[in-house]
Amino acid sequence: METTGLVSFGRYTCSHLYFLLLIVLPLGQHTVEGVWPLPQIFTSSIERYPLNPQAFYFGYGRQSAAQFGCSVLDAAFIRYYSLIFPDYTGKHSTTGKSHIGKKQSVGFDVLSPSLLFPDNLSVSAGKASLNAETVWGAVRGLETFSQLVYQDDFGSYFVNQTEIDDFPRFPFRGILLDTSRHFIPVHAILKTLDAMAYSKFNVFHWHIVDDPSFPYQSQTFPDLSRKGAFHPMTHIYTQSDVRRVISHARLRGIRVLPEFDSPGHTKSWGKGQSDLLTPCYSGSTPSGAFGPVNPALPSTYQFMATLLKEVSSVFPDSYIHLGGDEVNFSCWKSNPDVRAFMQKMGFGVDFTKLEAFYMENIVNITTFLNKTAIVWQDVFDYHELIPKDTVLHIWKGSPANYRKELSRMTKAGMRVLLAAPWYINHISYGQDWRNYYTVQPLNFSGTAEQKKLVIGGEVCMWGEYVDATNLTPRLWPRASAAAERLWSDEKQTSSVDKAFPRLQDFRCKLVRRGIRAEPLYVGHCKHEYQGV
Amino acid sequence: MTSPLQLALLLLALGFSRGLQHHYPDQADQVDGEAELELVAEPSKFGSLWPLPQKVKLSAVSLKLTGVSFQIADAKGSSAGSGCSLLQDAYRRYYEYVFGGAKRQQQPGKGRRAAGPAVLTELQVWITSPDPECDGYPGVASDESYELTVDQPYAVLKAPKVWGALHGLETFSQLVYEDEYGVKSINSTTISDFPRFAHRGILLDSARHFLPIKVILANLETMAMNKLNVFHWHITDDQSFPYLSRTFPQLSQQGAYHPYTHVYTPADVKMVVEFGRLRGIRVIPEFDTPGHTQSWGKGQTDLLTPCYSGSKPSGSFGPVNPILNTTYDFMSQFFKEISTVFPDAYVHLGGDEVDFSCWKSNPDIQTFMDQQGFGKDFSKLESFYIQKLLNIVATTQKGYMIWQEVFDNGVQLKPDTLIHVWKGNKEQYQSEMANVTSAGFQTLLSTPWYLNRISYGQDWQGHYRADPQDFKGTEEQKKLVIGGEACLWGEYVDATNLTPRLWPRASAVAERLWSAADVTDINDAFNRLSVHRCRMVARGIPAQPLFSSYCPREYKGV
């Protein structure tokens, strides 16, 4: 697979997310269709099997390469126990249902990683087993298992006999949060990561800084947040905040991809770093306003190299997002020093060349830091002198436009990431999730080889109108629609009408788990949201 | 009420917001940077007052307040004393809003030093009319005016009735700010205030989705922060019947989403009514008939019209069956109960969007139509039903509100009927307002304020610009406009997203309905509303942002 190495945390490496969940359990009507996003290959029967919360346990398979002490799975067992048994307080079980004896209880073995083929899985009666090559697959499998368990009218827990062989369609399934236009408190980010894991998202694209504010507290350049944040004490992410986000994400199999967007979208940077931004001129004198990062000064590149060096050590992911979108040339044009630089470099009056020059330098810095760059499509649109392994992020245009862009980029051999159809900050009245669901990311003209270069997609929640007050209900379950598109087989999930009742059901699961996911349409959840 | 017709709303504010969208896919060349910077809220000369009072005189003289020495107390001459629990509750509420909780009170004699020349130590609340209405219910004719003077040595809030005092306390709390040392301060100020319209409402729909009591109460609390005074409770509809009726318990037993977890018990309703009363908010229930009643049929057999396909009943049901005496017996008993459970002088009877197809299909109805000489005009049958219903409700000594269709269909209405305008585009609702008022009826407007209809960007500006008296008519006609309501229909709204969707968008409507007609400066409104929304957030209400920015205290929930 093209995507080898996309996920790497700690000592586990996930070559590709692949897992197999096999549950053979004896009796109901709740099937795999209830799982969101829909697994790739599955069979289930009406045979159902009771789970006794007091006797149920998760264990590692004897042959599993991971055993107790594996931080990701140890923590996941604890998390998923509570998610599977939401009513269970641990004090007294709801015995009295004598037909559920301990002997029939369901145990759970995780074999991870293993070389076993699916047919070699040993599944004994009363046990479910989950086989995955990596812990990341195992975490996805636990999520699937948790969604298979249901309660009957008496509150007893059941799971149907099920076999699932599952893997994601795309390796990159992201959510972008914008913490510059509004500051999003860490607890709200963590809650979003929880919800992401429920929909099997695996990348948190942290658009951490932008024009309005610079909340990232840099060790090397503390003035950036001291002067550029909305407030230097309360509206910042400290290093320990960032570590907490990364660790919370890692435990859920989620990568944290930081974006430090430049040379545009950097107004807030200028407050704490003098001479970084281009002074704009009106006539022959500086107007007092500033434009994009100043690409004509060597000090700019020294600064960027130092900052990006810090960023690459703080964020363990092997990718870094460098932005590069929406650069306004008018300030550069007004500045005589920039114009002189253009002359010197032989760019004439083509400012796209100047932007290209800047971005190449920045991308080279990250290459030197052993990071792979992701950039917005603008960078490709202007020139093609960036390393071949750079990932291009498509955000603009109508379906026709982005399809053309997909063709062009993949034809040039570049890997791409699709965000254009999933700008979820754009709200409208009604069931707009249907639009997110019916996107066909590979429906563009190109060879099979080209299609393979589409590594996934991303749901973007830009922050102009979003903060902690409304983030969660705007994001969920609308983002879950995209999650199924990015995970599941497109043919099996082509009907939006079939998806509707499943997504309604999943949305109630989210509410039950404390996620303020908004309704799709009229109706009710057994357990309504209890907050305000 | 919810048919997607309100195009006017969707068109508003689009031009404004589009250029500001970061990464707007279709406007790639638009650079947002400069436009965005223009939208940073500047301090307004009116501070964070919202809605803007009618007359405000602010001075630069600033006084300090400390939670240790400050108190809110009854003025000596006030007709409401410590027995007026409505006010005592309000004093405590606003003390907590101003100071964020209890502060240790001063020892006798010790705190004198604090009470220096620049310190405000007391707000005296003076109810001037002989009957303060402490234990009463607010009504459409309630006096909500007040006068507030902030000066040394103490501030005085004068109001004829407690209702005005409640608004004055909110205004007082909005005048308090923190100086750069974090000290609570207030400027010497004189305010004389009263509402432009008597009816300033919010409609919540607890039928499409059940709204837990907690959510309803939180929104009543927020309404008080915006000087809104009517909670229009659209409590039942096709989808569910969550109202637990004592007379007809099977209605919710069969018609609610769940008979125990998704119902409003009599105690719940009492709590909502009292919570509203303590904040000067009326609770007007709506029991919409004859349409929008699918859920009623589950618990009350023979109430709905059986639809026919050909010569046989199809098994489905239509609107309330208007030709049976049992229907009217039922309605008599039901509305008798409603009139005692809800103390407000008005009840909303709905009457909108009646689908005639089922009536048309039913042979008994056709026979009845012939007998009555209605011919094929089913709006006459609808009028027949409504007429009888209005007569029934009139015997309960209640006034009624009805949706505009009832007026449009020419039903005979009592002169004090309120006609609720909700349909059409701007031109259409303006001509409806003109028609209704020229017929001499009082009216209120909702069309431009269907807040359930969301769009990208700052749609509050469109809500802010709409004006209920903006139609062709005489002065007399304009006076018949008693106000308006912001409606949050429930198809896409429940406890998860209701509050941020409603606030601060409904605040825009609140200012339009309270403040003077010439308060239309959208930039000043943006500046004040930005701070007002942060105040709501600081008070624990997840009111969503207007645009890129921040609040000193961000929302702590998720």
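Where in chain A is the place of Pro263(A)?

1. Basis. This is a predicted model: local features need pLDDT of at least 70, side-chain atom pairs count only at pLDDT 80 or more, and totals for chains, interfaces and linings use all residues. Residues are numbered from 1 along each chain as its sequence is written, chains are lettered from A and ligands numbered from 1 in the order in which they are written, and side-chain values use heavy atoms, with hydrogens and water left out.

2. The annotated glutamate. An unreviewed UniProt entry lists Glu326(A) under "active site". UniProt positions follow the numbering used here, feature names are shortened, and annotations may be inferred rather than shown by experiment. Glu326(A) sits in the loop between strand 15 (319–323) and helix 8 (330–334) of chain A. Helices (H or I, at least four residues) and strands (E, at least two) are DSSP runs, numbered from the N terminus. Glu326(A) counts as buried because its relative accessibility is 8%. Buried means under 20% relative accessible area, exposed over 50%, and partly exposed in between (1.4 Å probe, protein chains only). The side chain of Glu326(A) makes a polar contact of 2.7 Å with that of His265(A). A polar contact is a pair of N or O atoms within 3.5 Å; within protein, one must be able to donate a hydrogen and the other to accept it, and residues adjacent in sequence count only if both atoms are side-chain atoms.

3. The annotated domain. For chain B, UniProt (unreviewed entry) places "domain: Glycoside hydrolase family 20 catalytic" at residues 197–516. That span is 41% helix and 19% strand, and its end C-alpha atoms lie 10 Å apart.

4. The interface. Chain A puts 59 residues in contact (heavy atoms within 4.5 Å) with 60 residues of chain B. The area buried between the two chains is about 5200 Å², with 59% of it from carbon and sulfur atoms. Buried area is the accessible area (1.4 Å probe) that two parts lose on being put together, summed over both. Of the area that chain A buries against chain B, Tyr429(A), Tyr465(A) and Val532(A) supply 18%, more than any other three residues. The rule finds three salt bridges across this interface. A salt bridge is a side-chain nitrogen of Lys or Arg within 4 Å of a carboxyl oxygen of Asp or Glu. Glu518(A) forms a salt bridge with Arg501(B), with the closest N and O atoms 3.1 Å apart. On the side of chain A that touches chain B, the elements giving two or more residues are helix 3 (186–198), helix 15 (471–475) and helix 17 (496–512).

5. Cis peptide bonds. Most residues other than glycine have a negative phi, and most peptide bonds are trans. Ser262(A) and Pro263(A) are joined by a cis peptide bond, with omega about 5°. Pro263(A) lies in the loop between strand 12 (255–259) and helix 6 (267–272) of chain A. In chain B, the bond from Thr289(B) to Pro290(B) is cis, with omega near 0°. Pro290(B) is in the loop between strand 10 (282–289) and helix 9 (294–299) of chain B.

6. Positive phi. Glu353(B) is not a glycine, yet has a positive phi of about 45°. Glu353(B) lies in the loop between strand 13 (346–350) and helix 11 (357–361) of chain B. Its relative accessibility is 27%, so Glu353(B) counts as partly exposed. Gln397(B) has a positive phi near 65°. Gln397(B) is exposed, at 69% relative accessible area.
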